[in-house]
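Subject: Structure handover

Hello,

Here is the structure I promised to pass on. Please open it first, then read my notes below.

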Amino acid sequence: MEKNIVPEKYKVTVAQRRSKNKHNSLLIWFTGLSGSGKSTIANLVEQRLFELGIATYALDGDNIRGGINKNLSFSPEDRTENIRRIAEIASLMIDAGLVVLGAFISPYKKDRENIKKILKDATFVEVFINTSVEECERRDVKGLYKKARAGKIQNMTGVTAPYEAPENPDIEIQTEKETIAQAVDKIVAYIIPKLKLTDE
């Protein structure tokens, strides 16, 4: 089957799309436990970038699992496939010249490393939203920890499934020590220099 697949080469390049948008395209990947604040912070970072005239798009775990990945479970194998598909989607969006924000638990280090391989030359920024499981469980904004403790949810990251924290993230946000506003400022300040086109 693969030998019959011949990718079409279109004349408009990623460099031209980036030039038209007046900024580089990249992926900002937010990883952390459920309830850590990934989506909240990603949402505000996107809003800030959008206000600065940056072409953005946000991908979120629950939204993706409600559509493209609705056939996947939370088994280790399906979690890996979930992240692989998302990385492929993000790669297409980066090729379109966008700044993509991905908010996903993505508990396995190997899966996050695989994102970098899929993106190839694209810029990948790993943001670790470091919130203790105790604090996430205290917040329990979706009621998932309560269900997991009651045995109603299997393979709950941080409860019955592992979370492999990034060892050297580009940015680490400690939500129990930093405010949301401080987190957004910190991330945006890191991102802005990376958005400048190389020929400027």
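Axes here are lines fitted to C-alpha atoms, for helices over the stretch in contact, and angles run from 0 to 180 degrees between N-to-C directions. Helices are DSSP runs (H or I, at least four residues), strands are E runs of at least two, and both are numbered from the N terminus.

Two notes on the source. This is a predicted model: local features need pLDDT of at least 70, side-chain atom pairs count only at pLDDT 80 or more, and totals for chains, interfaces and linings use all residues. Residues are numbered from 1 along each chain as its sequence is written, and side-chain values use heavy atoms, with hydrogens and water left out.

The crossing of α2 and α8 is right-handed (the near helix is turned clockwise from the far one by less than a right angle). From α2, the contact (heavy atoms within 4.5 Å) takes in Thr40, Ile41, Leu44, Val45, Arg48 and Leu49. From α8 come Ile180, Ala183, Val184, Asp185, Ile187, Val188 and Ile191. By class, that is 10 nonpolar, one polar and two charged residues. Nonpolar means Ala, Val, Leu, Ile, Met, Phe, Trp, Tyr, Cys and Pro; charged means Asp, Glu, Lys and Arg; the others, Gly among them, are polar.

Next, α4 and α5 (residues 109-119). Their axes lie 9 Å apart, at an angle of about 30 degrees. The two helices are therefore roughly parallel to each other. This crossing is right-handed too. Residues in the contact include Arg79, Ile83 and Ala87 of α4 and Lys110, Ile115 and Leu119 of α5. The contact has seven nonpolar, three polar and five charged residues.

Now the largest pocket. About 730 Å³ of space lies in it. A pocket is an open set of points on a 1 Å grid over the protein atoms alone, where a 1.4 Å probe fits, with protein on both sides within 12 Å along at least five of seven lines; lining residues have an atom within 4 Å of a point. Its lining has 36 residues, and Ser34, Gly35, Lys38, Ile105 and Lys142 are the closest to its centre. α2 gives the largest share of the lining, four residues.

Regards

Methods
Grid points are joined across faces, edges and corners, and a volume is the space filled by probe spheres set on the points. Angles under 35 degrees count as roughly parallel, over 145 as roughly antiparallel, 65 to 115 as roughly perpendicular and the rest as oblique.
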